[in-house]
Amino acid sequence: EVALKFLTPQLEAAPEARQRFISEARAASRLDHPHICIIHDIGETKDGHLYLTMPFYPGETVEARVAGGSLPEDEAVTITTQIAQGLAAAHAHGIVHRDIKPANLMRVGESAVKVMDFGLAKASEAQLTQDGALLGTPSYMSPEQIRGEQLDGRSDLFSLGVELYELLTGERPFPGDSV
């Protein structure tokens with residue numbers, strides 16, 4: 001079984017966003033790690049809609065898991081460690097995720113976690129994302145991401161710290177939905 005993820009209509013309408021999506025999805029598709037979602041294919045429907053094909057992972061998002069409140073420390077550490085391992089593999093390939101948040105983390109089975117949704121990822125060799133562009137989820141963004149500055153793996157690590165805080169407390173340290 002597979003899952004299809006489509007580019008949003010507003011991004012699809014912009015030629016530079018389409019090109020960025022294709023370029024960065026290709027970069028992310030080279031990743032092969034137990035804690036990273038595999039991208040099988042990047043395609044386009046007959047009527048021009050871009051999509052990614054990935055495995056269908058049965059389970060729940062970390063967002064759903066933490067919705068009931070804080071998690072036990074050992075579970076929070078296990079989840080965070082697995083995310084860190086997946087991010088380390090992505091960073092070793094020059095890929096910054098840029099949107100680490102509970103909705104992009106999938107619990108597969110009882111204990112495995114996969115980093116999903118590399119749709120905002122940026123490959124270090126890709127120059128298609130405009131400087132100053134603000135992409136991501138404000139509550140989880142690093143200060144340099146909010147300022148629209150150039151990012152590297154440290155920005156993902158900041159977001160991972162925000163994620164860990166939420167796992168341990170049941171709430172976001174920065175609860176607003178705007179920068």
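Which residues is Lys114 in contact with, leaving aside its neighbours within four places in sequence? Select Lys114 and have a look: the partners are His33, Pro34, His35, Ile36, Cys37, Tyr57, Asn104, Leu105, Met106 and Val108, with contact meaning heavy atoms within 4.5 Å.

Before going on, a note on the model. It is predicted, so local features need pLDDT of at least 70 and side-chain atom pairs count only at pLDDT 80 or more, while totals for chains, interfaces and linings use all residues. Residues are numbered from 1 along each chain as its sequence is written, and side-chain values use heavy atoms, with hydrogens and water left out.

Stay on Lys114. It sits in strand E7, residues 112-115 (strands are DSSP runs of E, at least two residues, numbered from the N terminus). Lys114 counts as buried because its relative accessibility is 13%, the cut-off being under 20% with a 1.4 Å probe and protein chains only.

Next, select 2-6, 41-44 and 50-55. Here 3 strands make an open antiparallel sheet, ordered E1-E3-E2; pairing takes at least two DSSP bridges between two strands. E1 (2-6) and E2 (41-44) are the edges, each with a single partner strand, so one side of each has no neighbour in the sheet. E1 and E3 (50-55) pair over 5 bridges. Zoom in on Leu4 and you'll find Thr53 of E3 opposite.

Last, show residues 15-29: this is helix H2, which packs on the sheet and touches E2 and E3 (helices are DSSP runs of H or I, at least four residues).

Notes
Axes fitted to C-alpha atoms, helices over the stretch in contact; angles between N-to-C directions. Buried < 20%, exposed > 50% of the residue type's maximum accessible area, 1.4 Å probe, protein only.
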